[in-house]
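Please look through the sequence and the model below before reading on. The briefing that follows is arranged by topic.

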Number of protein chains: 2
Amino acid sequence: MGTGTAEAGELTPGARKVLEAASTLFYERGITAVGVDLIAKEAGTTKKTLYDRFGGKDALIAAYLRERDRRWRSWLTGWLEEHAAAAGPRARLLATFDALAEWTRRHNPRGCGFVNAAAELPDPAHPGRRIITDQKLWLRGCLYELAVEAGAADPGRLADELTLLHEGATVLRGLALVDDPVARARALAEQTLDRAGATR
Amino acid sequence: MGTGTAEAGELTPGARKVLEAASTLFYERGITAVGVDLIAKEAGTTKKTLYDRFGGKDALIAAYLRERDRRWRSWLTGWLEEHAAAAGPRARLLATFDALAEWTRRHNPRGCGFVNAAAELPDPAHPGRRIITDQKLWLRGCLYELAVEAGAADPGRLADELTLLHEGATVLRGLALVDDPVARARALAEQTLDRAGATR
DNA sequence: GTAACGGTAGACCGGACGGTCTACCTCAGG
DNA sequence: CCTGAGGTAGACCGTCCGGTCTACCGTTAC
């Protein structure tokens, strides 16, 4: 019996194949529209493996979101280490938009996977909902810490504003009707940093 | 046989009941998760009426989006007439955020219905996709016209930025993890109008 | 050797899915 | 009077849904 909470690293080979297939299908076609039969088939396994390892579709959805969250977090922190390790907090705040630009280019052609998932999971008790809100709160927390370091007069407000710019850019990016929305968001972020006194 | 393009005003009583039930269910529970049997039952009609009037589920989805789009457009234009008729273009641009605030308070507890629908309609050929992009482009067009009137140096860029703020606020409003995101977006919009030279 | 584990294969369950159909009722217009 | 449009009621179709089950195979560990 699967635990439903295992990380990707501890998964059996069959479970990893299931999770990878589910991740692609859920994001590209929608969660509700994808059935467990298709997931098992695409993974080259059977439904038995899926149910033995994850317990059910809802738990698999949660595992999909957890894995996507894990990848985004390590992407963002890795990007900041690689491109803004020696930079000040203000530059690091702006670098989050660069990280977002490259992330959306690679993994978000259909918009934010978490916002899309939230659209399909109206039940507040669904295990995936918690992961979605945690993901957004984590980003806001990162921005808040950097806002404090940057010397913002009201770091909470600045974090809210930058979160708003991140989300707006991701959504517009998914709808593909504005040129390079992430660059626009970054430019707006610069203004906001100036006004908020985040000068360091 | 239904035309699939009729406006709400020309619908038969049975068709209107179907459309109203579908609108509520699609928005609150998700498009894919709601079946035609449930829609007919909630509408107090039968599937026959649904299929006679709309032709199929996909056409009903398109009718739902068309009706929601119609309501949002008339809401925004009505708000501007009522609250900013005598105001200048700059004040009217800011008033779009007030209109959005009241709209989301009334009709958007689960986020933007169009963004949510886009998440569930990956097929670019789906009749609903066109309506979604048209809705976003219409808003951008409104903002663009006002940006020109307000004397913005680069009205296209300003319209993109304000669209981004609208979308970001709507998404955060649906996730309910930031206090009053629309007010934050409005404040950011004021800065942006200043910087863009939209002073009239 | 054998027990435990992970996996494959595939039948099977009840119910919901989108969609079609026949039959009958009601009511307005020519 | 009768036709046609709109609606109700409900059976019916094949398919897919999430989920369970038995049976068998290969590897690893005691």
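A polar contact is a pair of N or O atoms within 3.5 Å; within protein, one must be able to donate a hydrogen and the other to accept it, and residues adjacent in sequence count only if both atoms are side-chain atoms. This is a predicted model, in which local features need pLDDT of at least 70 and side-chain atom pairs count only at pLDDT 80 or more, while totals for chains, interfaces and linings use all residues. Residues are numbered from 1 along each chain as its sequence is written, chains are lettered from A in the order in which they are written, and side-chain values use heavy atoms, with hydrogens and water left out.

**DNA strand C**
- The side chain of B:Lys57 places an N or O atom 2.7 Å from a phosphate oxygen of DNA strand C.
- DNA strand C is surrounded by 20 residues, where near means a heavy atom within 4 Å, and they divide into five nonpolar, eight polar and seven charged.

**Domains of chain A**
- Chain A is divided into domain 1 (1-55) and domain 2 (63-196), with bounds that come from an automatic or database domain assignment.
- Their C-alpha centres lie 27 Å apart, and the contact (heavy atoms within 4.5 Å) takes 15 residues from domain 1 and 16 residues from domain 2.
- Between the two domains of chain A, the rule finds six residue pairs in polar contact, both residues at pLDDT 80 or more.

Technical notes:
Nonpolar A, V, L, I, M, F, W, Y, C, P; charged D, E, K, R; others polar.
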